[in-house]
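Student: Could you pick one part of this model and take a close look at it with me? I'd also like to hear what lies around it.

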Amino acid sequence: MTDLVVRKIGWEFDASVPFMWQPANPNFGLFCNAFTFIAVPFERYIVSAVRMAADRLAESPGVAEEAEGFLKQEAQHAAAHRKHMLALIDRYPDLEQCYADACAAYDELLRNEPVAFHLAYVANLEATFTPLFKVILDHRDSLFGGGDVRVASLMMWHFVEEIEHRSSGLILCNHVNPHPWSRVKHIKRTFSHVAAIADAIATVFDEVVPIEDRGVSTRELLSGGFLTGELKHRLPILRRRREGGGAPTIFQPVPTADLAKMVWRLALSQTPYHDPADQPLPAWAQTWMRAYDDGADMTTFARSSSTTGR
């Protein structure tokens, strides 16, 4: 079982937080803003799904303990991202529709599907986080550098803890759905549902937030092929066309080899016998955890990330 630590950090966000908090890479900043609006409803969904399975999970003390730690960490994430979300809603009140629509989509899913489906959904999505967030944390200086330190620090904390509890979703899912293929058969529905929520959020972003405040089209950014699009932009002919104009892609600072490994590991994360516990991890995650244990101010830790560890 994973030894999870529940960290309570005094996050504070207000109207001074800009929507375009990462002007050096508006695409990456917009990706993180959308992540906030997805994270709060998704973690609310996780809590509901795990509570639905409480009787089954209680059959094993170890699994029940894992569930408790997992929910406590996710509750902290939801509370922190809610503060960031509300700060953006203060600037653009109509953004609240993003949250309402995403919650409604998850509530409908909870009503219409059995608990086994919900735990598979959680396990499938959580399995993608380690390869994705490893790349982000490995290249944190180029991706977060020059951005608002409050938002950058929030994202770094969340990504570190998602890697810390990388196996939790699978542990709970496997207890209720012991055969690996019972999870895999729900992959298409999982990611179709997530994509629909992301598209709805992107549509509202583009309607509500002026282009000068977001820099790029959110719908184009979050389209289903954004990762393969990243790789296509590495082709010499397309790279030459982009030179001298246009905003950088989300992962433009990331070397092509690292990006290709991430895409490959994302694909592997959905195979029946995949175990997130076996995945390569960002060394810097341990640096972040040590800093927390030493009492550092984690709400601004992004400011010192380039000088703290690999």
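Tutor: Let's start with a word we'll need a lot: contact means heavy atoms within 4.5 Å. The other is helix, a DSSP run of H or I with at least four residues, while a strand is a run of E with at least two, and both are numbered from the N terminus. Keep in mind that this is a predicted model, where local features need pLDDT of at least 70 and side-chain atom pairs count only at pLDDT 80 or more, though totals for chains, interfaces and linings use all residues. Residues are numbered from 1 along each chain as its sequence is written, and side-chain values use heavy atoms, with hydrogens and water left out.

Our part is helix α9, residues 168-176. Its buried residues (under 20% relative accessible area with a 1.4 Å probe, protein chains only; exposed is over 50% and partly exposed is in between) are Ser168, Gly169, Leu170, Leu172, Cys173 and Val176. What covers them? The cover includes α1, α2 (54-57), α3 (61-91), α5 (115-127) and α10.

Pro276 sits in the loop between α16 and α17, and Pro276 counts as buried because its relative accessibility is 3%. Leaving out residues up to four places away in sequence, Pro276 touches Arg166, Ser167 and Leu170. Pro276 and Ser168 are 108 residues apart along the chain, yet their C-alpha atoms are separated by 9.2 Å.

Now follow two of the covering helices, α1 and α3. They pack at an angle of about 145 degrees with their axes 8 Å apart (axes are lines fitted to C-alpha atoms, for helices over the stretch in contact, and angles run from 0 to 180 degrees between N-to-C directions). On the α1 side, the contact includes Asn33, Phe35, Phe37, Val40 and Val50. On the α3 side, Phe70, Leu71, His77, Met85 and Ile89 are among the residues involved. By class, this contact has 14 nonpolar, five polar and three charged residues. Here Ala, Val, Leu, Ile, Met, Phe, Trp, Tyr, Cys and Pro count as nonpolar, Asp, Glu, Lys and Arg as charged, and the others, Gly among them, as polar.

The core has 92 residues, and Leu95 and Ile136 touch the most other members. Helix α1 (residues 26-52) gives the largest share of this core, 14 residues. Not counting residues up to four places away in sequence, Ile136 touches Phe28, Phe31, Leu143, Phe144, Phe159 and Phe251. Ile136 is also one of the buried residues of α6, a helix (residues 129-138) in which nine of ten residues are buried. The cover over the buried residues of α6 includes α1, α5, α7 (140-144), α8 (149-164), α16 (256-268) and α17 (284-293).

His186 is buried, with a relative accessible area of 16%, and touches Phe117, Ala120 and Asn124, leaving out residues up to four places away in sequence. In helix α11 you'll find Thr190, which is buried at 0% relative accessible area. Apart from neighbours within four places in sequence, Thr190 is in contact with Tyr121, Asn124 and Leu125.

With a relative accessible area of 2%, Val209 is buried. Its contacts beyond four places in sequence are Phe19, Tyr92, Leu95, Val204 and Arg214. Tyr92 is 117 residues away from Val209 along the chain, with 7.0 Å between their C-alpha atoms.

Finally, step back to the whole chain, which has 17 helices and zero strands. Buried residues make up 53% of its 310 residues. Of the contacts with a separation of 6 or more, 83% are between residues 24 or more positions apart. Along its principal axes, the C-alpha trace spans about 60 × 40 × 40 Å.

How values were computed: A nonpolar core is a set of buried Ala, Val, Leu, Ile, Met, Phe, Trp, Tyr and Cys residues joined through side-chain atoms within 4.5 Å.
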